[in-house]
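Morning, everyone. I have one structure for you today, and I'll keep it brisk. Please look at the screen.

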Amino acid sequence: MTDADIILIFIGILGLLISFGSLFLAFLTFLDKRNGKRKK
């Protein structure tokens with residue numbers, strides 16, 4: 001494996017982590033908003 005391959009794999013893994021993290025945050029905010037409406 002060349003250095004470029006390792007760097008590309010690392011960037012790909014970082015991209016996946018960032019996308020799943022943002023999806024998780026969006027899901028948490030959705031649940032929070034839904035629970036907030038139910039309490040009122």
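First, a caution. This is a predicted model.

Now the overall picture. What is the secondary structure? The protein chain has one helix and zero strands. Helix α1 covers residues 3-39. The C-alpha atoms fill a box of roughly 60 × 5 × 5 Å, taken along the principal axes.

How much of the chain is buried? Of the 40 residues in the protein chain, buried residues make up 0%. Buried here means under 20% relative accessible area. The protein chain exposes about 4,000 Å². Carbon and sulfur atoms supply 75% of that area.

Next, the patch. Which residues make the nonpolar surface patch? They are M1, I6, I9, F10, I13, L14, L17 and I18. Together they give a patch of about 880 Å².

Let's stay with one member, I18. I18 belongs to the patch, and I18 sits in helix α1. Is I18 buried or exposed? I18 has a relative accessible area of 60%, so I18 is exposed. The cut-off for exposed is over 50%.

Start with A4. A4 is in helix α1. A4 counts as partly exposed because its relative accessibility is 45%. From A4, go 19 residues along the chain to L23. Their C-alpha atoms are separated by 29 Å.

Then S22. S22 also has its place in helix α1. Why does S22 count as partly exposed? Because S22 has 43% relative accessibility. S22 and G36 are 14 residues apart along the chain. Between their C-alpha atoms there are 21 Å.

On to A26. A26 lies in helix α1. Its relative accessibility is 42%, so A26 is partly exposed. Take A26 and G12, which are 14 residues apart along the chain. The C-alpha separation is 21 Å.

Last one, F27. F27 is another residue of helix α1. At 49% relative accessibility, F27 is partly exposed. The cut-off again: exposed needs over 50%. How far is F27 from D3 in space? They are 36 Å apart, C-alpha to C-alpha. In sequence, F27 and D3 are 24 residues apart.

To recap. The chain holds one helix and zero strands. Buried residues come to 0%. A nonpolar surface patch of about 880 Å² includes I18, and I18 is exposed. A4 is partly exposed, and F27 is partly exposed too. Keep in mind that the model is predicted.

That's my part. Over to you.

Definitions and conventions
Residues numbered from 1 in each chain as written. Predicted model: local features only at pLDDT ≥ 70, side-chain atom pairs only at ≥ 80, totals over all residues. Heavy atoms only, no water. Patch = residues over 30% accessible without salt bridge, like charges linked within 9 Å, V, L, I, M, F, W, Y side chains within 5 Å. Areas by Shrake-Rupley, 256 points an atom, 1.4 Å probe, with all protein chains shown as cover. Salt bridge = Lys/Arg side-chain N within 4 Å of Asp/Glu carboxyl O. Helix = DSSP H or I, 4+ residues; strand = E, 2+ residues; numbered from the N terminus. Buried < 20%, exposed > 50% of the residue type's maximum accessible area, 1.4 Å probe, protein only.
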